[in-house]
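Here is a short briefing to read alongside the structure. Keep the viewer open and follow along, topic by topic.

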Amino acid sequence: MNQAEPLLSVRGLQSYYPIRGGVLSQVTGHIKAVDGVSFDIFPHETLGLVGESGCGKSTIGRAIMHLETITGGTVLFDGEDTSSYTWKEMRSVWPRMQMVFQDPYSSLNPRKSVESTLTEILRTHRIVSPSQTAEEIERILRLIGLPPESKRRFPHEFSGGQRQRICIARALTLRPKFLICDEAISALDVSIQAQILGLFRELQGQLGLTYLFIAHSLGAVKYLSSRIAVMYLGKIVELAPTELIFSNPRHPYTQALLSAYPDPNPENRETEKIILPGQPPSAANPPRGCHFNTRCPFRQNRCGEEEPELKEEPGSSHHLACHFSITRSDWKGIKA
Ligand SMILES: Nc1ncnc2c1ncn2[C@@H]1O[C@H](COP(=O)(O)OP(=O)(O)OP(=O)(O)O)[C@@H](O)[C@H]1O
Ligand SMILES: [Mg+2]
């Protein structure tokens with residue numbers, strides 16, 4: 001168990017998008033993108049967040065940053081309850097939490113050199129005195145593995161991997177404690193992905209950073225994360241140390257998700273690839289009870305009525321939201 005105080009504590013977080021209709025564009029319903037999610041992230045650790053497209057991963061990251069509305073629940077960051085902060089109040093929080101996105105090209109201003117992008121941030125936030133600006137930019141470029149001369153170049157003069165390094169540099173200029181990486185390696189070639197993952201790990205060691213690492217690539221999440229949260233339709237269904245998620249996944253959805261991952265350890269490969277039937281239900285109208293029940297081959301009546309809470313299993317750090325105890329061997333002979 002981790003005895004330190006969490007850097008980020010999220011409790012019952014909800015983030016809904018209004019659905020508008022009719023000639024007056026009234027609100028006719030909500031997309032429940034994040035629907036009651038709780039987790040902690042401890043200083044210097046990486047929590048990986050996985051789950052199929054549309055399950056609400058980015059919305060969690062954006063809601064923590066207040067880039068999406070927090071409909072309900074609380075976000076405690078660095079000792080402050082930021083849940084009801086206005087944008088003005090968030091200005092003192094943002095430098096401590098930064099986000100790195102998937103597409104490095106569209107998140108950089110094409111008309112600004114690296115130097116002018118970083119100088120503007122350093123000046124606006126008074127991170128260093130004007131006389132120290134040049135030295136600070138060189139220090140940041142060294143940190144992210146680019147030569148000092150790159151400061152005069154513009155975004156289009158870099159490769160995709162180098163551009164992502166610059167996005168990371170921009171985030172680090174504010175000296176944050178916490179980085180939310182949302183598919184930060186997904187747009188890169190596989191060999192470049194490995195380099196950027198290595199960089200994230202190095203930076204964590206050097207700067208003591210804490211990460212929420214959102215990615216589709218299970219291999220990348222495994223490499224970087226100390227714990228992994230698995231999401232399905234706006235909820236976390238399982239959360240456990242990385243090793244346990246891979247060696248002993250307990251939720252049928254996690255088991256299906258991992259079955260597509262060719263784990264290098266043969267002991268972790270017990271099932272055939274599981275193809276879940278159908279599509280995830282709409283987040284505007286999630287099923288009653290367990291959100292996964294409409295696609296779960298182990299469904300029983302209770303699952304359609306009673307929503308399972310995410311609970312810590314006694315004596316372990318494994319959190320599970322399922323009424324039953326399903327193992328991978330239970331899938332044998334099941335046609336999903
Ligand atoms: N701006 C928006 N307005 C309305 N609905 C949205 C908006 N952004 C996302 N959604 C919906 O909210 C749900 C969660 O979206 P989100 O982007 O958080 O998913 P995700 O897990 O990050 O998916 P992906 O893996 O594809 O990035 C989806 O149903 C999506 O369609
Ligand atoms: Mg996303």
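Which residue in β2 does Tyr16 stand opposite? Tyr16 stands opposite Lys32 in β2. This is a predicted model, in which local features need pLDDT of at least 70 and side-chain atom pairs count only at pLDDT 80 or more, while totals for chains, interfaces and linings use all residues. Residues are numbered from 1 along each chain as its sequence is written, chains are lettered from A and ligands numbered from 1 in the order in which they are written, and side-chain values use heavy atoms, with hydrogens and water left out. Helices (H or I, at least four residues) and strands (E, at least two) are DSSP runs, numbered from the N terminus.

**The four-stranded sheet**

- An open sheet of four strands runs in the order β2-β1-β4-β5 with antiparallel pairing; two strands pair if DSSP finds at least two bridges between them.
- Its edge strands are β2 and β5 (80–81), each of which pairs on one side only.
- Strand β1 (residues 8–21) pairs with strand β2 (residues 26–41) in the antiparallel sense, over 12 bridges.

- Strand β10 (residues 235–241) and strand β12 (residues 319–320) run antiparallel and are joined by two bridges; Leu239 stands opposite His319 in β12.

**A helix pair**

- The axes of helix α3 (residues 114–124) and helix α5 (residues 160–173) come within 9 Å and cross at roughly 20°.
- The two helices α3 and α5 are therefore roughly parallel to each other (angles under 35 degrees count as roughly parallel).
- Val114, Thr117, Leu118, Ile121 and Leu122 of α3 make the contact with Ile166, Ala169, Arg170 and Thr173 of α5.

**Loop residues worth a click**

- His44 sits in the loop between β2 and β3 (46–50), and its phi is near 70°, a positive value in a residue other than glycine.
- With a relative accessible area of 53%, His44 is exposed (buried means under 20% relative accessible area, exposed over 50%, partly exposed in between, with a 1.4 Å probe and protein chains only).
- Asp78, in the loop between β4 and β5, has a positive phi near 50° and counts as partly exposed at 23% relative accessibility.
- Pro262 is in the loop between α9 (252–259) and β11 (311–312), and counts as exposed at 64% relative accessibility.
- The C-alpha atoms of Pro262 and Ala33 are separated by 29 Å, and these two residues are 229 residues apart along the chain.

Key
Axes are lines fitted to C-alpha atoms, for helices over the stretch in contact, and angles run from 0 to 180 degrees between N-to-C directions. Angles under 35 degrees count as roughly parallel, over 145 as roughly antiparallel, 65 to 115 as roughly perpendicular and the rest as oblique. Contact means heavy atoms within 4.5 Å.
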